[in-house]
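Dear colleague,

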Amino acid sequence: MIKSEKYHILQTISKKEDTKVMIAKHKQLGVLRLIKEIKKASQFYGQLSKEAFLMKRLNHASIPQIFDLEENEQFLYIIEINKPNMII
């Protein structure tokens, strides 16, 4: 689980063997974020982490906007901006 003091996890919306998607509220900003948790031991970790770091630099309406990336020994956390038209 993400150990950040920035987020309060509200709900887990998807959980698979190597990944989890959660809805969280940013404590300081008061806005909702999607947090994708990826196990570093996953066979897809390398590909997903490269994609996340690339997407963080992009800004396009059709691409999910990454707000932040956090890591610990076991997981990579991709924190995405929850867009108004996004259904959660």
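Lys56 and Asp68 form a salt bridge in which the closest N and O atoms are 4.0 Å apart, where a salt bridge is a side-chain nitrogen of Lys or Arg within 4 Å of a carboxyl oxygen of Asp or Glu. This pair links distant parts of the chain, since Lys56 lies in helix 1 and Asp68 in strand 4, 12 residues apart. Helices (H or I, at least four residues) and strands (E, at least two) are DSSP runs, numbered from the N terminus. Lys56 counts as partly exposed because its relative accessibility is 37%, whereas Asp68, at 13%, counts as buried; buried means under 20% relative accessible area, exposed over 50%, and partly exposed in between (1.4 Å probe, protein chains only).

Please bear in mind that this is a predicted model, in which local features need pLDDT of at least 70 and side-chain atom pairs count only at pLDDT 80 or more, while totals for chains, interfaces and linings use all residues. Residues are numbered from 1 along each chain as its sequence is written, and side-chain values use heavy atoms, with hydrogens and water left out.

Asp68 also forms a salt bridge with Lys6, the closest N and O atoms being 2.9 Å apart. This second pair again links distant parts of the chain, with Lys6 in the segment before strand 1 (7–15) and Asp68 in strand 4, 62 residues apart. Lys6 counts as partly exposed, because its relative accessibility is 36%. Together, Lys6, Lys56, Asp68 and Glu70 are linked in a network of salt bridges. A search of the whole structure finds six salt bridges, and another one of them joins the side chains of Glu37 and Lys20 (4.0 Å, N to O). Glu37 belongs to strand 3 and Lys20 to strand 2, 17 residues apart. Glu37 counts as buried at 5% relative accessibility, and Lys20 counts as buried at 13%.

As for the overall layout, the chain has one helix and five strands, which run β-β-β-α-β-β from the N terminus on. Of its 88 residues, 34% count as buried.

Which residues of helix 1 are buried? They are Tyr45, Ser49, Ala52 and Met55, and they cover an arc of only 130 degrees around the axis (taken from the directions from the helix axis to the C-beta atoms), which puts them on the same side of helix 1. An α-helix has 3.6 residues a turn, so residues three or four places apart point the same way. What covers these buried residues includes strand 3, strand 4 (66–71) and strand 5 (75–81), while Gln47 and Lys50 are exposed on the other side of helix 1.

Strand 3 also holds Leu32, which is partly exposed, with a relative accessible area of 32%. Leu32 and Asn82 are 50 residues apart in sequence, yet their C-alpha atoms are 6.0 Å apart in space. Finally, Leu29 lies in the loop between strand 2 (19–26) and strand 3 (32–39).

Notes: Contact = heavy atoms within 4.5 Å.
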